Amino acid sequence: MTTSLRPPFTEETARAKVQAAEDAWNTRDPRRVALAYTPGSVWRNRSEFVTGREEIIRFLTAKWARELDYALRKELWAFTDDRIAVRFQYECRDAAGQWWRSYGNELWEFDADGLMRRREASINDVPIGEADRRVFGSRPSAELGRPFPLR
């Protein structure tokens, strides 16, 4: 995520912030992703609680070691001056070859510099067949700004 997108958010800057987050997460580079968060950022991710960039890096490293071929789509749901709500879907496979689609919602809170200081994510996983996949790598430019289907 880029910190040039700072609060207070407009619809345009909130959408750009969400796309920047999607792009960063799709790199699957924990260190790059962690730079978008404050040094003391706090997370709730499902039932896990993470605090600070080093824990974020450890968390994401472990996540992407088990969630293979991870690809994500995020969509702006709502925003205020310094908060953004996002809905997302991602797909990945496990070591046994089972594909999964994960549906979730995130609540984000930012500091004045545009770094995320709080992230809360609620996520549900659904097993899918490989033929049912629809998220492949980074979002193509033709899909930018378009809502992602629920099913």
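Q: Buried means under 20% relative accessible area, and exposed means over 50%. In this predicted model, is Glu-106 buried or exposed?

A: Glu-106 has a relative accessible area of 2%, and therefore counts as buried.

Q: Which side chain does Glu-106 meet in a salt bridge?

A: Side chains of opposite charge can pair when their charged atoms come close. Here the partner of Glu-106 is Lys-74, with 2.5 Å from N to O. The pair joins distant parts of the chain, since Glu-106 lies in strand S5 and Lys-74 in strand S3, 32 residues apart. Lys-74 is also buried, at 6% relative accessibility.

Q: How many salt bridges are there in total, and which residues are linked in a network?

A: The count comes to 16. Asp-82, Arg-83, Glu-109 and Arg-117 make up a network of salt bridges.

Q: How far apart in helix H1 are Arg-15 and Glu-11?

A: These two side chains form a salt bridge of 2.8 Å, N to O. They are four residues apart in helix H1, which means that about one helical turn separates them. Arg-15 is partly exposed at 42% relative accessibility, and Glu-11 is partly exposed at 43%.

Q: Which parts of the chain does the pair of Glu-143 and Arg-73 link?

A: The side chains of Glu-143 and Arg-73 meet in a salt bridge of 3.4 Å, N to O. The pair connects the segment after S6, where Glu-143 lies, to strand S3, which holds Arg-73, across 70 residues. Arg-73 is buried at 3% relative accessibility, whereas Glu-143 is partly exposed at 24%.

Q: Which strands pair with S4?

A: In a regular strand the side chains alternate between the two faces of the sheet. S4 runs antiparallel to S3, with nine bridges between them, and antiparallel to S5, with 11 bridges. Leu-72 stands opposite Tyr-90 in S4, and Gln-89 stands opposite Tyr-103 in S5. A hairpin of three residues joins S3 to S4; the hairpin between S4 and S5 has five residues, and Gly-97 in its turn has a positive phi of about 95 degrees.

Q: How many residues of S4 are buried, and which residues does Ile-84 touch?

A: Eight of the 11 residues of S4 are buried. Setting aside residues up to four places away in sequence, the contacts of Ile-84 include Phe-9, Val-18, Leu-76, Glu-106 and Trp-108. Ile-84 and Trp-108 are among the residues that touch the most other members of the largest nonpolar core, which has 30 residues. Elements giving two or more residues to this core include helix H1, strand S4 and strand S5.

Conventions
Residues are numbered from 1 along each chain as its sequence is written. This is a predicted model: local features need pLDDT of at least 70, side-chain atom pairs count only at pLDDT 80 or more; totals for chains, interfaces and linings use all residues. Side-chain values use heavy atoms; hydrogens and water are left out. A nonpolar core is a set of buried Ala, Val, Leu, Ile, Met, Phe, Trp, Tyr and Cys residues joined through side-chain atoms within 4.5 Å. Buried means under 20% relative accessible area, exposed over 50%, partly exposed in between (1.4 Å probe, protein chains only). Contact means heavy atoms within 4.5 Å. Two strands pair if DSSP finds at least two bridges between them. A salt bridge is a side-chain nitrogen of Lys or Arg within 4 Å of a carboxyl oxygen of Asp or Glu.
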